[in-house]
Every structure is written in structure tokens, then in C-alpha cells.
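Hi,

I am passing a structure on to you, and my notes follow below it. Have a look at it first, then read on.

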Amino acid sequence: ANADLDKLVQRIQALRAKTVEQGCTEQEALAAAEKVAELLDRYGLSLSELDLRQQACEGIGVETGRKRRGPIDDCMTTIAAFFDCRVWAETNPDETLRYVFFGMPADVQASVYLHDLITLAFSSETAAFQAGPIYRKTPSGGRRTATTSFQAGLAQGIIGKLNALQRERDSVAPSGGGASGRALVPVKESLIDAEMDRLGLNLRRRGATRRYVQRDAYGAGQEAGERFEYRPGIAEQGGA
């Protein structure tokens with residue numbers, strides 16, 4: 001089980017490194033998320049409760065380099081939940097934000113990977129929006145609001161698609177009966193909760209951020225999220 005876990009973690013890390021080099025669109029980010037979910041569920045099929053209980057929770061921090069929250073931050077809780085993790089925000093000594101994903105080792109690696117994918121997707125989709133007609137027609141004094149509005153819509157589109165993928169993932173029954181790759185999720189959650197209690201970590205949900213948005217720019221962001229259609233995950237990168 002440990003050897004399989006190490007192999008899975010290394011594979012996710014390799015996918016992450018390759019994707020960061022190449023960049024990605026919102027559609028490609030969601031397809032990659034679906035692929036990693038398939039890998040994790042396949043691993044879960046061969047995992048016993050004893051194997052799971054022998055794993056130790058871990059946390060990985062990701063730096064944003066920003067001092068202020070933005071629309072992309074709305075995605076963090078959904079990213080963590082998609083891979084059965086917890087996440088919280090911290091403020092560095094230089095007042096920049098960082099997020100910590102906490103959970104089982106492979107799930108944490110997958111969450112960080114998905115975070116990086118969505119960060120890249122925000123960059124590429126925002127650049128495409130700023131090259132498009134809505135942004136060009138917006139007076140210079142309103143372009144910052146237009147960009148934020150687009151990103152707010154994009155965030156909601158991504159959140160909606162990840163939630164839909166999660167529901168589909170949880171509803172898939174294994175062929176021929178038997179356990180699914182999601183069967184041990186309740187055990188996993190209890191282990192994470194117990195470890196957080198042991199560490200004295202008590203998370204408080206942050207209230208929703210209220211933003212003024214430009215309707216057409218926000219709608220363009222939602223459309224960018226809704227363009228994604230379910231399709232098979234990204235191609236295998238070597239043997240599984």
C-alpha cells in the first residue's frame with residue numbers, strides 16, 4: 001500500500017510539474033481534475049481501512065503572493081472538498097496570503113495540483129477576456145472592475161462544474177457491485193477531523209465576499225466556466 005501511495009503521489013507531482021510548464025485553459029484544468037480524481041478513486045478501490053488508518057495526515061501550503069483576496073479565493077473550499085481535504089488561509093509576516101491544504105497525502109497533492117491548474121486557468125481566461133470586445137469597449141476607468149467581474153463569474157462557473165463533477169463521482173456505482181473507490185471517504189474524514197482536534201485546529205468559515213460586478217463581464221466569466229463539457233480525462237502519462 002505504501003509503494004502504491006508513493007507511486008500515486010509521484011505521478012500527481014509529475015502531472016503538476018508538466019502542467020505548470022505548459023499552462024492550461026479552464027476546460028483543460030477541469031479535465032485534469034477529473035483525471036486525478038479517477039486516479040485517486042482507482043487507488044481507493046485497492047485500499048483497505050487498515051491501510052488508510054496507517055497513513056498520516058499532512059499539510060501543504062501554497063503562496064498567493066497577494067495581500068488582498070480576489071475572486072479566485074472563492075474556489076479554495078471547493079478545491080479542498082473535491083479531494084476530501086480541509087483548507088484554511090493564513091497571513092505571512094509580509095502580509096501576503098497563503099492557503100494550507102490538509103488531509104491524506106495523495107489528496108493533498110491533488111488539491112495543490114488543482115489549485116495550480118485553476119490559477120493557470122484564471123490567467124489564461126483573463127488574458128482572453130482582456131483581448132475581447134467587452135473589455136475593449138469598457139472605458140479605461142472601468143476596466144479593473146470589468147476584469148474583477150469576469151473573474152467572479154469564472155470562479156462561480158468553476159465551482160459549479162467541480163460540484164457537478166463531485167456529485168457524478170460520488171454517484172458512480174462500481175460494475176458488478178462491491179465497494180467503490182469512494183467507500184472509505186467517511187473513515188478518511190473522521191481521521192482528518194481527529195488529527196485536526198489533536199493539533200488544536202478549529203476552522204471558522206469566512207463569510208461570502210460581496211462585490212459590485214458589471215453584468216456583461218460577469219456573464220462572460222460564467223460562460224467561460226459553462227463551456228466545459230464532460231469528456232474522458234487527460235491522456236495517461238505513462239503506466240498507471
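Leaving aside its neighbours within four places in sequence, which residues is Leu162 in contact with? Before the answer, please keep in mind that this is a predicted model. The partners of Leu162 are Leu30, Ala33, Thr78, Phe82, Leu114 and Ile118.

Some of these names come back in the nonpolar core. The largest such core has 62 residues, and Phe101, Leu114, Ile118 and Leu162 are those with the most contacts inside it. Helix 5 gives the most to this core, with 11 residues.

Next, the packing of two helices. Helix 2 spans residues 26–45 and helix 5 spans residues 105–130; their axes come within 8 Å and cross at roughly 170°. Angles over 145 degrees count as roughly antiparallel, so helix 2 and helix 5 are roughly antiparallel to each other. On the helix 2 side, the contact is made by Glu26, Gln27, Ala29, Ala32, Ala33, Val36 and Leu40. Helix 5 brings Ala106, Asp107, Ala110, Tyr113, Leu114, Leu117, Ala121 and Glu125. By type, the residues of this contact divide into 11 nonpolar, 1 polar and 3 charged. Ala33 and Leu114 take part in this contact, and both are also among the partners of Leu162.

One more residue to look at is Gly44, which is placed in helix 2. Gly44 has a relative accessible area of 13% and is therefore buried, as the cut-off for buried is under 20%.

Enjoy exploring it!

Best wishes

Technical notes
Residues numbered from 1 in each chain as written. Predicted model: local features only at pLDDT ≥ 70, side-chain atom pairs only at ≥ 80, totals over all residues. Heavy atoms only, no water. Axes fitted to C-alpha atoms, helices over the stretch in contact; angles between N-to-C directions. Helix = DSSP H or I, 4+ residues; strand = E, 2+ residues; numbered from the N terminus. Parallel < 35°, antiparallel > 145°, perpendicular 65-115°, else oblique. Contact = heavy atoms within 4.5 Å. Nonpolar A, V, L, I, M, F, W, Y, C, P; charged D, E, K, R; others polar. Buried < 20%, exposed > 50% of the residue type's maximum accessible area, 1.4 Å probe, protein only. Core = buried A, V, L, I, M, F, W, Y, C linked by side-chain atoms within 4.5 Å.
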